[in-house]
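Me: I am new to this structure and would like to learn how to read its features step by step. Could you take me through them slowly, with the general idea before each case?

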Amino acid sequence: MRRLLAAVLLTAILSPVALAQAPIKVGILTELSGPLGPSGSGQRDGFLLYLKKNDNRLGGRPVQLVIEDTAGDPQVAITKAKKLAESDKVDVLVGPLLSANGAAVKNYLVSQHMPTVLEATVDEVTDGKYIFRTSFSGNADSYLQGYLPGHAGYRKALLVAPNFNAGQTAIDYFEKGFVAAGGTVVQKLMPRLGTPDFGAVISQFSDKADVGIIFMAGGDAIRFMKTFADYGSKLPLYGFTATVDETLLPAQGKAALGFSGAGFYFSTIDSPANRQFVADYREAYKQNPAWFSAGGYIAGQVLGAALTTTNGKSDDRDALVAAMKAVRLTTPAGSFRFDANNNPIQPRYVMQIREVDSKIQPVVLGMIPEFMPLAEPPALPAQLVLPH
Amino acid sequence: MNPHLEATGTRVRRPLWTDRSRTIRLLAAVAGIVLVVLAASTLGSYPVELITQVLIYALFAMSLDLLVGYTGLPSLGHSAYFGVAAYAAALCSLKLGLPFWCAAPVGLLAAVVTALLFNLIALRTARGYYLMITLALAQVLWSIAVSWTDLTGGDNGLSGIARPVIGRPLEGAASYLWFVALVFTVSAMAMWRIVRSPFGQALKGIRENEPRMRALGYETWRYKLVASLLAALFAGIAGECFLYLNGFVGPSSLAVALSAQVLLMVLMGAAGTLFGSMIGAAVFVVLQNIVSSYTDRWLFVMGAIYVLFALYAPAGALPWLRERWARYRNSVGGNT
Amino acid sequence: MSFWLINALNGLSFAMVLFVLSAGLTLVFGLLRIINMAHGSFYLLGGYIALSVIQASDHFMLGMASACVAVMLLGAAMQRWTLARLHKQELPQSLLTLGFLFMFADLAFWIWGGNPQLVPKPAVLEGAIRFAGIAYPAYRLALIGIGVLVAVLLWALLEGTRIGAVVRAGMDDEEMVRAMGINIPLVFTAVFAFGAGLAAMGGVLGGPLLGLFPGADFEVAMLAFVVVTVGGLGSIRGAFIASLLVGLADNFGTAWFPQLSLFTAIIPMVIVLALRPSGLMGRA
């Protein structure tokens, strides 16, 4: 009898702990193969690094992971989102990087009330409720890339971006930003995605332009920068830092020198949080983190902080997303919070690609401490000096 | 003799393969599908979704088999018809607000017209070129889908297309599976009739020896064109089934990768058998959705499976299984 | 003036890359009647192997040589042990080579990672050369020369040597060559390996321009398919002319009609095949 009582007591004492110990199921749904495979893998690795540093727990609960590859195909992304939500019954989701995939799974995830942290940059993906973004919003950042060279004093711009959604948006908002800063656009070029030879594009560059504003990605970005350098052009280049992403710099080499732009994360940001993050990431994966890896890590921080607020509870989805919305963080990218649309409000770092200690890298020249994710003239600090 | 049947070695025709038993087997297949759907309906929604996809891909692959296996026209641009039908139906319902009963036929018409335009060029070309020219033409459509963002939504595609309402809305995964199973069965039976008809026999004749068919007075060009239009029609049906599955269509529905995958389903299952494609479709869906959950190297596994099939079952999975089955029967029950 | 000169040179240098990429494909089709879907994989593997060797040894020619030899061995093995078993079976051959395409792509992703890379150029060919009032990249000028050299050597090999005569005879009538007591399976293996080596060479020469990344195999294969179809399957001379046509059309097309740049490589193909169903130099 006494032993039974003891057992009951013990159970009573242990059960809240046992409840808190029940694992939280986290789905990762991103691009793990195909052209965006390296970026999606970086996002996953950033998230895994956060878990590793935190004893594989989010808000005190051990984490059970289910990882799925979208293969860069929205149809696959939808099918696997259904699998994660209905078959694996994950509690939260770390979502895709590719905008098309983000757009494709959005409606379904919202209908499932699935708290989701993703990195797809196309504006429509966030819903202000369940879908959060840890990277940046395409429109606002395109506007910024157009605004900065205008602010630096350039007056006539030529714009180059590949002819698909993100490229067309980039061109629109480059122009809006550049015009708002007092410049005029003299030429817009939209080569096809996967242009094998940029010779024909670059040899058309107007000599009236005093700056080029560029968005290229992946293989296109390498070919574009290399060909541009081969032609010996002296046109200064601004634009999306994806064009000279840190994963591309080893291939681009000296061809990337002088490219300027603003981004939310570079491995060369000089802050205690980032130095630690870079050291940990290098130790785990033998390479520098890029912006998508930082985004994955921040996703871990967001979920960790929100689940701490809810004492590890994830059943009440509305309470969980409210807690996510309220997070205030210091991330490797700086101070972090969400706006009403679940877009991140975090700093922007203005950088130029330079050679330091015979290593080609983004050199941070200044920062915009709090960049509101809106397509309007940003509040630039007075001391910000832009490359001209 | 068809070279890829030759590879299976001598297959003696047994009474098992008579016309009557073909009908019986067809009925058995239909019953099998009904059973599978019934069993699937009791499972969770994810397995139901995968079985739905298998049926859609199988239908798509069977439509390509009309060209590859029966007419001897290997196409690497078959996604064009799949995608065009889906896009056209999606645009009809999103931009024009047409109901399913109008949008779906318009989509199919678009697929058939596309096939007509493509094949006016492609069928002129010499043997061996058909593969490449269909690839290039399909690529043109893909490019348009990616870059004409105002119309097609670019690589974000078109989403939010509601499922058809037949009596009641086909909202749940299981009720949509029933719908797809019905469409699949009707289409498969129609294709079966086509390949068994004199028209189908003429197609096989063209595959085996086109000059001889021409000498016999057949206008082979016209036969090939009609086969292409029929193939496009059924590919379009598959494309629309896929559209309503997720309410979404994007450029991946027009991509070369999809054309290559569906060609692989046909070749792996067995070209020229129609139902072999079901095996190819099932293997593909399992690899893409289930194997990929366990290994990052799933593309390697997929490639290796194709290589092994090419080497050890060059005529495809279905004849290979039949041969095994025949051997087993022979060893068990003698020659009956 | 400089517009014409620059775009003509751009078109020519791109055309020479196209030629080296597609020569092997068309040669293999001409003799073995195989449309090798994995041709782009040989480009990718050749480029990656060269990249690794150049990074380790800092020697461009060594990188080129090792890439060509390694991929030729791979091609020989692939033909000897797999393709040879499916001689003249068109459909299983497609299944096989597409399977290899997936395997090689994933293998490359595994070994070299997915970040886009470039094969470094030889140091002497960095930068631009000034002439006739323009600055033009030295490497591209060199490509034009190398492309012509490869074409001349291939022509000499096919037209002027005994091996070339056997290959040409094999293209016309395999049985006759066999009857003459020539070891035709050996010739097949050699030609397939040679074609693979040419694609690898394309990876090394074109690598500094086109880049190496997941999906480059597919992009390159598409370009090579367009070229060999326009030129006529099996014709080296056709491939050369088609390379020029596609290279120049893509450059001038992009320059004149930037909105149509999606189709500048494909429109010439559709026009040529509509007029000549067997391509420019193909035999019906």
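Me: What should I know about the model before I start?

Reply: This is a predicted model, in which local features need pLDDT of at least 70 and side-chain atom pairs count only at pLDDT 80 or more, while totals for chains, interfaces and linings use all residues. Residues are numbered from 1 along each chain as its sequence is written, chains are lettered from A and ligands numbered from 1 in the order in which they are written, and side-chain values use heavy atoms, with hydrogens and water left out.

Me: Which residues line the largest cavity?

Reply: The lining draws on chains B and C, and includes B:Leu76, B:Val256, C:Met37, C:Asp217 and C:Phe225. Helices here are DSSP runs of H or I with at least four residues, strands are runs of E with at least two, and both are numbered from the N terminus. At least two lining residues each come from α12 (256-269) of chain B and from α4 (90-112) and α9 (216-231) of chain C, and α9(C) gives the most, with 5 residues. For the classes, Ala, Val, Leu, Ile, Met, Phe, Trp, Tyr, Cys and Pro count as nonpolar, Asp, Glu, Lys and Arg as charged, and the others, Gly among them, as polar; on that basis the lining of the largest cavity has 11 nonpolar, no polar and 1 charged.

Me: What lines the second largest cavity?

Reply: The second largest cavity holds about 80 Å³ of space, and its lining residues include A:Thr241, A:Asp245, A:Glu246, A:Trp291 and A:Pro362. By class this lining has 8 nonpolar, 1 polar and 2 charged residues.

Me: How many salt bridges are there over all chains?

Reply: A salt bridge is a side-chain nitrogen of Lys or Arg within 4 Å of a carboxyl oxygen of Asp or Glu, and the structure holds 28 of them over all chains. One joins the side chains of A:Asp318 and A:Lys129 at 3.8 Å, N to O. That pair links distant parts of the chain, 189 residues apart, with A:Asp318 in helix α12 (residues 317-325) of chain A and A:Lys129 in the loop between β5 (116-118) and β6 (131-133).

Me: How far apart are the closest N and O atoms of B:Arg327 and B:Glu323?

Reply: In this salt bridge they are 3.3 Å apart. The two residues are separated by about one helical turn, because they are 4 residues apart in helix α15 (residues 317-333) of chain B.

Me: Are C:Lys88 and C:Glu174, which form a salt bridge, buried or exposed?

Reply: Buried means under 20% relative accessible area, exposed over 50%, and partly exposed in between, with a 1.4 Å probe and protein chains only. C:Lys88 counts as exposed at 51%, whereas C:Glu174 is buried at 9%. Their closest N and O atoms are 3.7 Å apart.

Me: Which residues form the nonpolar patch on the surface?

Reply: Patches are made of residues with over 30% relative accessible area and no salt bridge, like charges being joined within 9 Å and nonpolar side chains (Val, Leu, Ile, Met, Phe, Trp, Tyr) within 5 Å. Here B:Leu109, B:Val113, B:Leu116, B:Leu117, B:Leu120 and B:Trp221 form the patch, with about 540 Å² of accessible area together, an area that comes from the Shrake-Rupley method with a 1.4 Å probe and only the protein chains shown as cover. Helix α5 (residues 100-122) of chain B gives the largest share, 5 residues. B:Leu109 has its place in that helix and counts as exposed at 55% relative accessibility.

Me: Where does C:Ala23 lie, and is it buried or exposed?

Reply: C:Ala23 lies in helix α1 (residues 2-32) of chain C and is buried, with a relative accessible area of 0%. C:Ala23 and C:Ala199 are 176 residues apart in sequence and 8.0 Å apart in space, C-alpha to C-alpha.

Definitions and conventions:
1 Å grid on protein atoms, 1.4 Å probe; cavity = no way out; pocket = protein on both sides within 12 Å on 5 of 7 lines; lining within 4 Å. Points joined across faces, edges and corners; volume = space filled by probe spheres on them.
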